[in-house]
Amino acid sequence: MAYRKCLSPARSILFSFLLTFPLALGNAQLTAPPAKPTGPWMDQALSPDQRAALVLGQLTLEEKISLVHGAGWDALVGGPEALPPRSVGGAGFVPGIRRLGIPDLQIVDASVGVARGAVFGRYSTALPSCVAEAASWDLRVAREYGALIGSELRAQGYNMSLGGGVNLTREPRNGRTFEYKGEDPILAGRLAAAEMKALQEQGVIGHMKHYALNDQENGRSYVNVKLGKRAMRETDLLAFEIGIKESGIGAIMCSYNLVDGVYACENRYLLNDVLKKQWGFRGFVVSDWGGTHSTVQAANAGLDMEMPADAYFGPALQKAIERGEVPAARLDDMVHRILRSEFAAGLFDKPPERRAPDIFRGLQVAQHVAEQGAVLLKNGSARLPLSTALRSIAVIGSHADVAVLSGGGSSQVDPPGGNAVPQEAGSQPSMFGPAVWQPSSPLQAIRAKAPGAKVVYDSGADPAVAAKLAKASEAAIVFVNQPASEDRDLASLALPGNQDALIAAVAAANPRTVVVLETGGPVVMPWIGQAGAVLEAWYPGIRGGEAIANILFGTVNPSAKLPLSFPRSEADLPRPKLAVQPPPASEADMAPLFPGAAFKVNVRQFDLAYDEGLKVGYKWYQAEDKQPLFPFGFGLSYTSYAYSDLNVAAGTTPSVAFRVKNTGPRAGAEVAQVYVTLPAAAGEPFRRLVGWEKVELAPGETKAITLALDPLYLSIFNPDKDAWELVPGSYTVYAGGSSRDLPLRGALEIPGAR
Ligand code: BGC
């Protein structure tokens with residue numbers, strides 16, 4: 001540990017990789033690929049459906065059953081020794097059928113990079129959280145993110161990812177906010193599609209989760225979500241609809257919770273009616289780990305694969321088929337869908353090739369995403385960017401001397417060399433253990449930016465000591481954090497421990513105080529009036545320190561915008577108090593995951609009514625006339641922009657044109673946003689985001705932007721007709737730099753009978 005601390009982050013990564021690579025090679029030898037498959041289905045001129053049908057025709061009943069469930073828990077819990085033969089480790093493994101060349105499905109969590117590699121001796125890039133990716137509002141960044149994960153998956157022998165979370169930020173205390181893409185369905189859906197498309201292009205199956213309405217963690221396996229069909233379709237389900245349609249994704253994970261009284265993984269409305277029939281999804285539905293609760297109901301409702309284990313889709317499914325309770329054609333459909341996704345993503349034609357990862361490419365992408373995703377929330381008396389000629393800088397708090405925080409849970413990407421802050425006191429415990437820190441040192445990166453300055457670190461443990469240091473320095477940078485993890489919601493949006501007091505004390509001692517937040521989502525800021533500047537860096541990944549320093553010193557001009565609202569207080573949320581408290585004992589949460597197993601805890605289902613309905617995030621604040629602390633779409637830059645010349649054109653696909661000018665002294669990139677309000681008859685008296693574009697502008701430069709408005713984004717869902725509907729009437733169109741700063745306004749008429 002002591003030795004690792006002396007190394008630079010890049011060296012430390014290389015060092016730990018060199019230590020572990022021999023083990024990685026050892027694994028590779030155990031998993032030598034089968035001989036190249038042969039058979040008429042290897043004709044690449046045929047479509048994935050044709051190829052899948054040819055393979056399906058060769059399979060026995062037992063073989064079909066073997067493809068619709070797999071292993072997983074052992075590998076997760078037991079480590080390398082517990083792996084089934086040929087598994088490379090990870091969350092799941094479905095053995096293929098060698099005589100036909102059907103590949104093994106090697107599945108691993110990959111929301112923010114390839115997860116949990118350390119136990120298998122592997123290095124993967126810890127990217128910034130998905131919420132940072134979303135804050136870039138940049139489809140190119142999403143593609144970069146997906147392509148990197150896809151290539152590292154292949155390099156580690158995996159051919160299917162578990163990532164692509166798009167549950168909306170309906171409850172900002174959700175412990176997995178960092179794994180998702182914010183509160184707007186169009187933003188989240190489009191970014192997920194771009195990411196997954198790029199990931200699949202690497203030759204692995206892409207995946208989205210958790211379908212549907214798994215919008216918080218407490219009680220996730222027993223809450224029964226209540227939300228009307230219209231609200232469901234226009235919020236969370238719309239993110240999936242866009243994500244699936246725009247990416248051609250291979251798999252969807254159904255969630256743990258119930259929706260309208262039925263578990264998501266056996267919910268006919270969600271799976272058969274909406275996903276498969278209405279959206280035309282041609283991939284397969286895999287259960288969240290332990291989220292299957294029945295054989296006949298789940299199979300007939302549209303679940304295609306139980307993971308992990310075979311409690312329901314093993315011998316029990318075979319019996320149900322033999323008895324005619326599940327039609328044989330349904331099993332064929334499950335297998336066809338799985339094979340089709342394997343063909344479509346290239347699994348038969350281009351098996352993964354284990355090789356050393358391109359570490360430096362990974363570091364580059366991680367840093368770029370962090371720089372594009374960090375949101376500058378305030379820039380007052382601190383006058384960012386900081387001058388490189390400063391003579392003294394105090395760096396305070398949050399282990400900023402050695403590390404940056406990451407989000408916890410199944411998505412955890414192991415830090416090279418181990419947790420950079422082991423046994424973190426006060427970290428939020430969850431079933432996944434203490435908070436994990438990535439070895440990227442903001443302190444070192446700040447020192448590199450201002451080589452002439454005396455840069456002194458203080459842990460922040462005693463606010464009075466930190467304030468003394470801040471007073472004696474020209475500028476103070478206070479790092480604060482809020483750990484969050486899967487399996488547990490945040491008890492509150494307040495920064496834990498003494499961090500609010502720390503900021504207040506430091507800011508009182510030095511008005512030139514910059515606060516850097518490392519959080520998974522919004523926090524409340526009782527000290528906001530005192531802080532000179534605030535940068536939201538999220539969980540910034542393996543190059544977080546370098547990215548933060550680049551922004552603080554102006555090497556990078558911040559351009560990110562919030563993909564979710566920051567409330568002034570929890571009293572302003574739709575549910576001021578968390579609707580579901582953590583279970584009294586962890587067994588209570590685990591029991592439903594292990595049906596019939598050792599746990600004897602009775603878990604009652606719990607109705608969770610999402611009464612805010614359609615009004616998720618910024619729509620809630622607008623409809624309720626509440627002022628957020630920082631609104632959706634907001635983010636500052638070191639330059640300024642002006643909007644002009646709005647023109648709205650009606651038509652089958654209406655469009656909006658306007659101009660954006662960089663009116664300040666620096667080059668920058670602006671996320672220009674377009675919102676609309678619908679005619680009164682639609683019953684939605686609040687704006688919704690319908691488009692955006694990120695434009696790069698030199699000082700003084702003006703660019704014209706034209707955005708086509710997808711009619712789906714303008715529509716409402718009519719539950720009586722079970723269809724989307726474009727309401728005729730007058731729409732108001734707005735353009736500007738945030739959901740609350742929309743200087744341009746125009747009208748759009750949609751004629752009747754469309
Ligand atoms: C999580 C999923 C994850 C799976 C496998 C579950 O507990 O909810 O997001 O993909 O575990 O690790």
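## Domains, ligand site and backbone of a predicted model

The side chains of Glu-486 and Arg-176 form a salt bridge, with N to O at 3.2 Å. A salt bridge here is a side-chain nitrogen of Lys or Arg within 4 Å of a carboxyl oxygen of Asp or Glu.

This is a predicted model, in which local features need pLDDT of at least 70 and side-chain atom pairs count only at pLDDT 80 or more, while totals for chains, interfaces and linings use all residues. Residues are numbered from 1 along each chain as its sequence is written, and side-chain values use heavy atoms, with hydrogens and water left out.

**Domains**

The domain assignment gives domain 1 (36-345), domain 2 (362-570) and domain 3 (639-750). Such bounds come from an automatic or database assignment. The centres of domain 1 and domain 2, taken over C-alpha atoms, are 34 Å apart. Contact (heavy atoms within 4.5 Å) involves 47 residues of domain 1 and 45 residues of domain 2.

The size of an interface is often given as the accessible area lost when the parts come together. Domain 1 and domain 2 bury about 3400 Å² between them, with 61% of it on carbon and sulfur atoms. That area is the accessible area (1.4 Å probe) that two parts lose on being put together, summed over both. In domain 1, Ala-126, Arg-173 and Phe-178 lose the most area to domain 2, together 18% of what that side buries.

Three salt bridges are counted between domain 1 and domain 2.

On the side of domain 1 that touches domain 2, helix H6 (130-135) and helix H7 (139-155) each supply at least two residues. Helices (H or I, at least four residues) and strands (E, at least two) are DSSP runs, numbered from the N terminus. The residues of this side of domain 1 divide into 20 nonpolar, 14 polar and 13 charged.

**Ligand**

The ligand is surrounded by 14 residues, the closest being Asp-109, Arg-176, His-210, Tyr-256 and Asp-288.

| Residue | Distance to ligand oxygen |
|---|---|
| Asp-109 | 2.5 Å |
| His-210 | 2.7 Å |
| Glu-486 | 3.0 Å |

**Salt bridges**

The structure holds 43 salt bridges. One of them joins the side chains of Arg-340 and Asp-49, at 3.2 Å from N to O. Arg-340 lies in helix H14 (residues 328-345) and Asp-49 in helix H3 (residues 48-56), so this pair ties together parts that are 291 residues apart in sequence.

**Backbone**

Most residues other than glycine have a negative phi, and most peptide bonds are trans. A cis peptide bond links Met-307 to Pro-308, with omega about -25°. Pro-308 sits in the loop between helix H12 (296-301) and helix H13 (315-322). Leu-384 and Pro-385 are also joined by a cis peptide bond, with omega about 0°. Pro-385 is in the loop between strand S10 (375-379) and strand S11 (392-396).

Arg-116 has a positive phi, near 45°. Its place is the loop between strand S2 (105-109) and H6. Phi of Trp-538 is positive too, near 55°. Trp-538 lies in the loop between strand S17 (533-536) and helix H19 (544-552).

Terms used:
Ala, Val, Leu, Ile, Met, Phe, Trp, Tyr, Cys and Pro count as nonpolar, Asp, Glu, Lys and Arg as charged, and the others, Gly among them, as polar. A residue is near a molecule or strand if one of its heavy atoms lies within 4 Å of it. A polar contact is a pair of N or O atoms within 3.5 Å; within protein, one must be able to donate a hydrogen and the other to accept it, and residues adjacent in sequence count only if both atoms are side-chain atoms.
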